[in-house]
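This report concerns the sheet, the nonpolar cores and the salt bridges of one protein model. The sequence and the structure are shown first.

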Amino acid sequence: MLLAGPSGSGKSYVARRTGLPVLCLDDFYKDGDDPTLPRRHGRVDWDSPEAWDAGFAVETIARLARDGKAEVPVYAIGEDRRVSFRTFDLAGSALFVAEGIFAAEIVAECRELGLLAGAYALRRPRGATFVRRLARDLAEQRKAPKVLVRRGLTLLRDEPTVLRRQVGLGAEAVRARTALRRVADLLTGHPPR
């Protein structure tokens, strides 16, 4: 299952609440010195899907579906790079959640490869995502506070566009409660309600 949504919409929280293994797609960002990174106003545009390695993410999802485990990157956002790799093991689970801001970018390819149980884009009030995102980013010291506030205001403004794009790419816009209900339906073999 793919779980997308704007930054701060609760993707990680909902993914953990499913009780399924969770693959963090944010770990598939490109390293900060990658020459293919998109730029905007003279800076790397980390909010662009081109800042993310979609091919590697799909390859990893396919390996997990086939083998039940895979080596996945560990990305340090504050350092803008992968710092290591770790083994991600599904421990026999037939389903897992792959969550991240760019999850919708791979809906079509995962569907085509037969890897998709569902694709959802979380939606919640914009003010709530702004506060949640800022609190998280400050607590994790992802960047300097001034950068986080400026970025947060930009993301607040762009959030409706992000959600429309994710829906256009094949993710269904849902609230957290609905996403959790859909996962429960999948696990019990019932058709999604």
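**Basis**

The model is predicted: local features require a pLDDT of at least 70, side-chain atom pairs count only at pLDDT 80 or more, and totals for chains, interfaces and linings use all residues. Residues are numbered from 1 along each chain as its sequence is written, and side-chain values use heavy atoms, with hydrogens and water left out. Helices (H or I, at least four residues) and strands (E, at least two) are DSSP runs, numbered from the N terminus.

**The sheet**

Five strands make up an open sheet with parallel pairing, in the order β2-β7-β1-β8-β9; two strands pair if DSSP finds at least two bridges between them. At the edges stand β2 (22-24) and β9 (172-174), each of which pairs on one side only. Direction ignored, neighbouring strands of this sheet are turned by 30° against each other on average; the axes are lines fitted to C-alpha atoms, for helices over the stretch in contact, and angles run from 0 to 180 degrees between N-to-C directions.

Strand β8 has a partner in β1, to which three bridges join it in parallel. Ala-4 has Ala-121 in β8 as its bridge partner. Three bridges also join β8 to β9, again in parallel, and Tyr-120 stands opposite Glu-172 in β9. In a regular strand the side chains alternate between the two faces of the sheet. Both faces of β8 are covered: Ala-119 and Ala-121 are buried on one side, as are Tyr-120 and Leu-122 on the other. Buried means under 20% relative accessible area, exposed over 50%, and partly exposed in between (1.4 Å probe, protein chains only).

**Nonpolar cores**

A nonpolar core is a set of buried Ala, Val, Leu, Ile, Met, Phe, Trp, Tyr and Cys residues joined through side-chain atoms within 4.5 Å. The largest core has 33 residues, of which Leu-2, Leu-23, Leu-25, Phe-28, Ile-61 and Ile-106 touch the most other members. At least two residues of this core come from each of β1 (2-4), α2, β5 (69-76), α3 (107-112) and β8 (119-122). Helix α2 supplies the largest share, five residues. A second, separate core of twelve residues includes Met-1, Ala-15, Tyr-120 and Leu-180.

Beyond residues up to four places away in sequence, Phe-28 touches a set that includes Leu-23, Trp-52, Phe-56 and Val-72; contact means heavy atoms within 4.5 Å.

**A buried loop residue**

Ser-48 lies in the loop between β4 (43-44) and α2 (54-67). Its relative accessible area is 10%, so Ser-48 is buried. Apart from neighbours within four places in sequence, Ser-48 contacts Pro-38 and Phe-102.

**Salt bridges**

The structure holds seven salt bridges, each a side-chain nitrogen of Lys or Arg within 4 Å of a carboxyl oxygen of Asp or Glu. Three of them are tabulated, including the pair Arg-165 and Glu-105.

| Pair | N to O distance |
|---|---|
| Arg-63 and Glu-59 | 3.6 Å |
| Glu-79 and Arg-81 | 3.0 Å |
| Arg-165 and Glu-105 | 2.8 Å |

Arg-63 and Glu-59 are separated by about one helical turn because they are four residues apart in helix α2. Arg-63 is partly exposed at 26% relative accessibility, and Glu-59 is partly exposed at 44%.

Arg-165 lies in helix α5 (residues 145-168) and Glu-105 in the loop between β7 (97-99) and α3, so this pair ties together parts that are 60 residues apart in sequence. Arg-165 counts as partly exposed at 43%, and Glu-105 as partly exposed at 26%.
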